[in-house]
Amino acid sequence: MERDQTANQKVNELAGSDRVVRGWMALLILVIAVVMSIYHLYTAGFGLMPGVGTRSHMIIHLSLGLALVFLIFPIKKGLNQQRIATYDFVIAGIAIVVGYYLYANQTSPSILSGRMTFIDLLVGIVLLLLVIEATRRVVGKPLVIIACVFMTYFFIGGFLSPPFRHTRANFQQFIYEMGYTTSGIFSTPLSVSATYVFIFILFGAILEATGAGKMFIDLALRAFGKYKGGPAKAAVVSSGMLGSISGSSVANAVTTGTFTIPLMKKVGFKPQVSGGIEVAASSSGQLLPPIMGAAAFLMIEYTPYTYAEIIKSAAIPAILSYIAILFMVHLEASKHHIKGLPKEALVSGRKTLIQHGYLILPVIVLVYFLVQGNTVPNAAFFAIILLLVLASFTHRLRERFGAGMLVAGGVAVIAFALHYFFAWRLEVAVMVTIGIIVALMVVLLQRSFHVQSAPVRFGLRELISGLEMAARNSLTVVVACATAGILIGVINLTGLSAKLPTIIVNFAGEHLILALVFTLIACLILGLGLPTTATYVILAAMVAPALVQMGVPIMAAHLFVLYYGILADDTPPINLPAYAVSGIAKSEPIRTGIQGFKFDSGALLLPFVFTMNTAILLLPEQAGMYSWLEIAQYILTALVGILAFVMFIQNYLLVRLTIIERLLALVTALVFIHGSSMTDIIGVFLFGVLMVWQVMRKRKSEVEKAHELNRQ
């Protein structure tokens, strides 16, 4: 349990909490966190409880989240509290009371009619203050400042000139809309958090508790570790795989960074560079299918596309963005002559797969159910059930085969009995059976190859730790989505949602490139210090409609703002993942953040490319419009443009670039944005000239070195 407390302490610290409690206080937090996770697991598998509607579900989700925030996060950093302050107990209690009042009175005549009583008004005000304060403690001041600006706009809109003028400045109406309707706190962002995001954070937490994170790292090291800058390339691949699932760039950075950063430093990467590579890889995982850090499920709510269509469109840009990071790492290693790890220092890939390769199966099952059209929560629930059975019985059957088989058989019988007598989902029994069969096959395989079982055991303690970690990891998303609901409410109530696209379009004129540049700047500014979930929600409501109005396809517009919303997570000076890993790397946070932004900028121009030429997005409305040969051509030219831009950033390919070569690399990258055949031909030609120039300079340098050695 001490190891679990250390992990929880890391997650708390990276999110701004240095409060570490023990004893009954820690038990209280554990109980609330586990209850929160079990509640969401139940609703994902069996739907909402009788009498609990969608709004009630959001109220429970937010109330438990707020209570945990005030028990875990102190009023400010640096207090190093060893116990929960009395006032925080009181505030957490108030959060529960407010939640109960909202739950019990949502159908009262005063609420349904919109004529609030004094108590209704008071509870609404307290709810608003609780959300804002919880956001300040967990997310930080940037989102709070943005929320305050929007709320101020609501009340002073009558004093502004068109197009920002409005006449909705009524205090009671504001409180009613924010706290008692689906236009404010309990709007789409919080609904997505409660319905979709939490269950995937839970899936990621349990997957990590089984040792899957270590497996990803070992496999990536085996594949890339021996090559130039190998540990850094392995960090990119493993963080990408885990980052797609975890839903939190910060938690992912700490989880994988604990293993990868020391290895990167060991082979010669500077501390801030090691941390920066981990930051870039962990953040960009949220663009990577199949789960996209839960962004795909947010997009389902804001676009007319299905899950399968979204991950299909995101796949090629995501792969290209990771190729850009890998190439950035390769050139960094080349510049500083950093080699890989010796082959004997790497774990056997076969051994790793035999030990715990079965942990990949739940991810495959998750994608299968999603593509088959199951609801998102159901698919995640079935995957979690399979994961729990696999993780539990693999060790049990290895240690005590006979007793383990009896227990496994009993569990399977109970699962089918629950289906036939209590109408439980048949898929649950099937997942239990598949899990037991696969666990048996894994154990037999391990014995036949004389391979020990995975070093990470999974029992009741690990399960409870995973449930608690999921609730802790979700707090950033919960409060950020609640506050994002306030912003969305103000935008819609004041009519700003209809005005903003027109303002942006008028400002950019008819120039799409100019509108995209404005959008890029807005994304980076609005996303400073915010979790990607909140950033995307704000941008999807404020900015994406303007791009759509200028003729950009809906999918391209939303992937554009999502990509730069993710990049904003790496933007200094407010770079939460960088602050998280700087302690591991023993580097300065700002310098680590700058390096993270640098390594994530290799594909900085990619959204411009797929917005101007949507072929690589494989849009469903463009099915059959492009041949596979054309799509391959556009992918190749996009890749060449990315490589040219990476060279520009790193100022290196085979040798250090001259000023002319660097400018040529930038021009080459920019040329590919347009996407026409003529510009592609020009871009390829310029890239070829650049490559030939570098090869000639490299040979000249080698000849000069050889002559110098001969003279000596």
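**Note on salt bridges and aromatic contacts**

1. Glu 133 and Arg 137 sit four residues apart in helix 6, about one turn of the helix (helices being DSSP runs of H or I with at least four residues, numbered from the N terminus). The two residues form a salt bridge with closest N and O atoms 2.8 Å apart; the term requires a side-chain nitrogen of Lys or Arg within 4 Å of a carboxyl oxygen of Asp or Glu.

2. The model is predicted: local features need pLDDT of at least 70, side-chain atom pairs count only at pLDDT 80 or more, and totals for chains, interfaces and linings use all residues. Residues are numbered from 1 along each chain as its sequence is written, and side-chain values use heavy atoms, leaving out hydrogens and water.

3. Arg 137 also forms a salt bridge with Asp 88, at 2.9 Å between the closest N and O atoms. This pair links helix 4 (residues 86-105) to helix 6 (residues 118-138), across 49 residues. Arg 137 is buried at 6% relative accessible area, whereas Glu 133 is partly exposed at 22% (buried is under 20%, exposed over 50%, partly exposed in between; 1.4 Å probe, protein chains only).

4. A network of salt bridges links Arg 19, Asp 88, Glu 133, Arg 136 and Arg 137. The structure holds 10 salt bridges.

5. Phe 46 and Trp 424 form a tilted aromatic pair, with 4.7 Å between centres and 55° between planes. Rings of Phe, Tyr and Trp (its six-membered ring) pair if their centres lie within 6.5 Å; planes under 30 degrees apart count as stacked, over 60 as edge-to-face and the rest as tilted.

Key:
Helix = DSSP H or I, 4+ residues; strand = E, 2+ residues; numbered from the N terminus.
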